[in-house]
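Please read the notes below alongside the sequence and the model. They are set out as numbered points, each on one topic.

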Amino acid sequence: MDSWYLLFCKSRQEARAQVNLQNQGIEAFFPQLQKQQLIKGRRTFKQLAVFPNYLFVRLNPHTGNFAAVKNTRGISGFVSYGASYQLVPAQLIKELKNFELAQDSNNLPQPGDLVCLNNGSFKDVQAIFKEPDGDMRSILLVNLLNKQIEMSVDNSDVRKVS
């Protein structure tokens with residue numbers, strides 16, 4: 001039965017190591033998360049490694065080619081304690097893969113979603129998300145005095161209602 005092992009990679013070469021291992025027919029994985037940044041007023045998304053410089057690899061402990069893995073470009077070596085390599089529980093890998101899949105590429109709600117405002121006088125007021133208004137703001141429909149009013153608010157002041 002195959003086991004997951006922990007590898008230490010050269011600085012910022014997790015993706016390179018993963019591609020090289022997959023070219024050898026070896027399953028490799030490093031969890032990533034998408035971080036939203038504002039650069040020059042535009043929203044950009046950047047993929048960051050959850051565990052920088054670390055990679056998980058799946059090998060058979062009896063027939064796996066550990067030497068080929070150690071000598072793959074982008075890899076420094078196995079994380080080991082004494083003479084044994086660090087094993088990673090399969091359940092942890094499964095949870096990390098689920099976490100990666102569950103990430104939303106865009107944290108904005110979808111049109112028609114119920115949201116809650118977090119700013120000053122409108123704190124905890126519920127509204128309906130209508131559409132994004134540029135990169136940093138959104139248009140919401142707020143019910144004020146039994147009338148729906150369109151309101152443009154900063155995206156940081158909007159949170160989804162579960």
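Predicted model: local features only at pLDDT ≥ 70, side-chain atom pairs only at ≥ 80, totals over all residues.

1. Residues are numbered from 1 along each chain as its sequence is written, and side-chain values use heavy atoms, with hydrogens and water left out.

2. The structure holds 9 aromatic pairs. Rings of Phe, Tyr and Trp (its six-membered ring) pair if their centres lie within 6.5 Å; planes under 30 degrees apart count as stacked, over 60 as edge-to-face and the rest as tilted. The pair of F29 and F56 is stacked, because the ring centres are 6.3 Å apart and the planes stand at 25°. This pair links distant parts of the chain, with F29 in strand β2 (residues 27-29) and F56 in strand β5 (residues 54-59), 27 residues apart. Helices (H or I, at least four residues) and strands (E, at least two) are DSSP runs, numbered from the N terminus.

3. Both F29 and F56 are buried, where buried means under 20% relative accessible area, exposed over 50%, and partly exposed in between (1.4 Å probe, protein chains only). K97 lies over the face of F29, at 5.4 Å from the ring centre. The criterion for a charge over a ring is NZ of Lys or CZ of Arg within 6 Å of the ring centre and within 35 degrees of the ring normal.

4. The rings of F66 and F78 have centres 5.4 Å apart and planes at 45°, so this pair is tilted. F66 belongs to helix α2 (residues 66-70) and F78 to strand β6 (residues 75-78), 12 residues apart. F66 is buried at a relative accessible area of 16%, and F78 is buried at 11%. Together with Y5 and Y85, F66 and F78 form one aromatic cluster.

5. Which strands make up the open sheet of 5 strands, and in what order? The order is β13-β12-β11-β10-β14, with antiparallel pairing; two strands pair if DSSP finds at least two bridges between them. The edge strands, each pairing on one side only, are β13 (147-154) and β14 (158-160).

6. Within this sheet, β10 (residues 114-117) and β14 pair in the antiparallel sense over 3 bridges, and L117 stands opposite V158 in β14. Strand β12 (residues 137-144) pairs with β13 in the antiparallel sense over 8 bridges. R137 has D154 in β13 as its bridge partner. The hairpin of β12 and β13 has 2 residues between the strands, and L145 takes a positive phi near 50° there.

7. Is K40 buried or exposed? K40 counts as exposed, because its relative accessibility is 81%. K40 lies in the loop between β3 (32-39) and β4 (42-49). K40 and D135 are 95 residues apart in sequence, and their C-alpha atoms are 11 Å apart in space.
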